[in-house]
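Okay, everyone, thanks for coming. Let me put the structure up and we'll walk through a few parts of it together.

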Amino acid sequence: MAARNREAKPELTGGAMAALRILRLDTAFPRPAGDVASPLTYRLDVEISVVPQARADNVVTKDPDNFDISAFRQAVVRAEEPLVITSCGFMIYWQDILAEAAAGDFIGSSLTALPALCRRFDPRRILVLTFDDEVLTSPLFSRHLDGFSGHVMGLDKTSHLYRVIARNLTELDTDRASRELCAQLTSVLRRHDIGLILLECTNLSVYKRDIRRIFDGEIVDMLGLVEARQPGLVKRDCL
């Protein structure tokens with residue numbers, strides 16, 4: 001069954017409500033299976049709500065206080081599903097505000113797992129893969145990383161995937177995106193002893209299978225956090 005992409009709260013066949021609502025940025029770029037906001041990622045129905053005017057260029061910014069969070073908060077308040085997530089890891093900045101407004105469980109970003117991961121791993125062996133490292137390590141965002149002292153790798157701004165997301169392009173070459181991502185990641189892995197990779201960017205989950213070909217450590221992403229709370233929801237080949 002396919003996910004429905006609208007603001008209302010329809011019920012599933014048989015009257016059962018979806019277990020998950022995804023608050024998706026207002027974007028047009030493709031979302032293949034493995035992307036958090038793709039219905040192809042899930043075994044069961046999920047609800048996807050597009051948050052108007054929320055785009056990469058106004059959410060991923062060094063001055064996030066200028067972004068009006070009210071539409072996200074309204075969507076969280078209206079959501080009846082037991083778990084609500086977002087499609088952008090930079091929502092970590094508003095995690096506490098939105099979690100307080102939610103009736104159920106709310107995960108704004110996979111970065112919420114970082115403190116616990118740092119208790120299991122030496123932070124120097126953790127690599128955060130992010131859409132934009134300059135923004136994530138800027139003063140206003142870095143304070144939400146719980147003092148993380150490990151490695152952060154942002155997408156090369158000349159890469160295909162970065163340009164597709166940043167410019168909201170409607171065509172994505174996943175093979176090219178994977179090659180460029182893995183080449184950049186290989187360079188980092190050669191220089192550092194990395195045991196765990198945390199994917200901030202939910203669009204990067206599409207490429208986990210390719211990342212595992214060059215990295216034999218642990219990978220943590222939003223889909224793993226969802227599956228831990230709702231077992232059986234995410235397709236096995238997307239985990």
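So, how many bridges pair strand β6 with strand β8, and in which sense do the two strands run? Over four bridges, and in the parallel sense, with β6 covering residues 126–130 and β8 covering residues 196–199. Keep in mind that this is a predicted model.

Those two belong to an open sheet of four strands, in the order β7-β6-β8-β9, and the pairing is parallel. At the edges you've got β7, residues 151–154, and β9, residues 218–220, each pairing on one side only. From one strand to the next, the twist averages 20°.

Then there's helix α8, residues 174–191, lying across β6, β7 and β8. Against β7, helix α8 runs at about 155°.

Let's zoom in on one residue, L198, which sits in strand β8. Its bridge partner is V128. Is L198 buried or exposed? Buried, because its relative accessibility is 0%. Leaving out residues up to four places away in sequence, L198 touches S110, L111, L114, L117, L127, V128, L129 and V220. Take V220 from that list: L198 and V220 are 22 residues apart along the chain, yet their C-alpha atoms are separated by 4.8 Å.

Okay, on to the spaces. The largest pocket has a volume of about 340 Å³. Fifteen residues line that pocket, and the closest to its centre are A33, V206, Y207, R209 and D210. Which helix gives the largest share of the lining? That's α9, with four residues. Both α8 and α9, the latter being residues 208–214, supply at least two lining residues each. By class, the pocket lining is five nonpolar, four polar and six charged.

Now the cavities: there are five of 30 Å³ or more. The largest cavity holds about 120 Å³ of space. It has 16 lining residues, with L25, S87, C88, I165 and N203 nearest its centre. That lining splits into nine nonpolar, five polar and two charged residues.

The second largest cavity comes in at about 40 Å³. Its lining includes F29, P30, P32, D35 and L161, and also I165, N203, V206 and Y207. By class, that's nine nonpolar, one polar and one charged for the whole lining.

How values were computed: Residues are numbered from 1 along each chain as its sequence is written. This is a predicted model: local features need pLDDT of at least 70, side-chain atom pairs count only at pLDDT 80 or more; totals for chains, interfaces and linings use all residues. Side-chain values use heavy atoms; hydrogens and water are left out. Two strands pair if DSSP finds at least two bridges between them. Axes are lines fitted to C-alpha atoms, for helices over the stretch in contact, and angles run from 0 to 180 degrees between N-to-C directions. Contact means heavy atoms within 4.5 Å. On a 1 Å grid over the protein atoms alone, a cavity is a set of points where a 1.4 Å probe fits but cannot get out, and a pocket is an open set with protein on both sides within 12 Å along at least five of seven lines; lining residues have an atom within 4 Å of a point. Grid points are joined across faces, edges and corners, and a volume is the space filled by probe spheres set on the points. Ala, Val, Leu, Ile, Met, Phe, Trp, Tyr, Cys and Pro count as nonpolar, Asp, Glu, Lys and Arg as charged, and the others, Gly among them, as polar. Buried means under 20% relative accessible area, exposed over 50%, partly exposed in between (1.4 Å probe, protein chains only).
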